[in-house]
Amino acid sequence: MRYVKGHGRQTRSRIVEEASYGLRQTGVDGMSVADLMKRVGLTHGGFYSHFESREALVIEAFASAMDRTVLHWVKLVNEPPAEERFDAFIGAYLRPAHRDDRARGCVLPALGTDIARSSQKARRVFARKLDEMIDVIAALARAVGDDKLSDEILGAGRQALGGQSARRRAPVASAIRRPNKKGDERS
């Protein structure tokens, strides 16, 4: 049987997409390769012609889910006027439909504990993608043009990420500084 050009790439993309949904829905241990391939309409044996291991798929599915989140967030913070961006972001993220749709919701609450138990390679990919997510939020905080609103955005982010008490919160500027690739600090 002959396939059209790009068929293998399309099939791999379908597998990754289904895996990203399935992993968020059931967790890493809740979905077998056989179940995943059945969801895609393929046989279990075909899996290894697309991926060297289950872990390779899991890592790619984590990254794909996080990439989709970043793209969605970028759209949310770039389309409306600056003064409406924070409300648009919060409105889209903190809504019942987003909360209830684990398969298409945020990867962080869905897979955070799975990632913590994953391989070093998976955690490195997760950390890189998490940095991209943080960059979107930091850009939103910088773009609003209002220091009070910017401080509120950063404070809400810190609270959500760390649940720190008000006494332990660092000043805004130092709380979001982290080293860039050259070792310099950025905010």
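Before we turn to that part, what percentage of the contacts in the chain with a separation of 6 or more comes from residues 24 or more positions apart?

Reply: Residues 24 or more positions apart account for 56% of the contacts with a separation of 6 or more, where a contact means heavy atoms within 4.5 Å. This is a predicted model, in which local features need a pLDDT of at least 70 and side-chain atom pairs count only at pLDDT 80 or more, while totals for chains, interfaces and linings use all residues. Residues are numbered from 1 along each chain as its sequence is written, and side-chain values use heavy atoms, with hydrogens and water left out.

The chain has 9 helices and 2 strands (DSSP runs of H or I with at least four residues, or of E with at least two, numbered from the N terminus), and along the sequence they follow the pattern α-α-α-α-α-α-α-α-α-β-β. Of the 187 residues in the chain, 35% are buried (under 20% relative accessible area with a 1.4 Å probe and protein chains only, against over 50% for exposed and the range in between for partly exposed).

On the side of helix 4 the contact is made by Ala82, Arg85, Phe86 and Phe89, and on the side of helix 7 by Ile137, Leu140 and Ala143.

Leaving aside neighbours within four places in sequence, Cys106 is in contact with Met133, Tyr93 and His98. With a relative accessible area of 6%, Cys106 is buried, and the C-alpha atoms of Cys106 and Arg24 are 8.2 Å apart in space although the two residues are 82 apart in sequence.

Tyr93, one of the residues that Cys106 touches, also takes part in an aromatic pair with Trp73, which is edge-to-face, with 6.0 Å from centre to centre and 75° between the planes (rings of Phe, Tyr and Trp, the last by its six-membered ring, pair if their centres lie within 6.5 Å, and planes under 30 degrees apart count as stacked, over 60 as edge-to-face and the rest as tilted). Because Trp73 lies in helix 3 (residues 54-78) and Tyr93 in helix 4, this pair ties together parts that are 20 residues apart in sequence. Trp73 is buried at a relative accessible area of 8%, while Tyr93 is partly exposed at 25%.

The structure holds 5 aromatic pairs, and another of them joins Phe47 and Tyr48 edge-to-face, at 4.7 Å between the centres and 85° between the planes. Phe47 is buried, with 0% relative accessibility, whereas Tyr48 is partly exposed, with 46%. Ring pairs link Phe47 and Tyr48 with Phe51 into a cluster.
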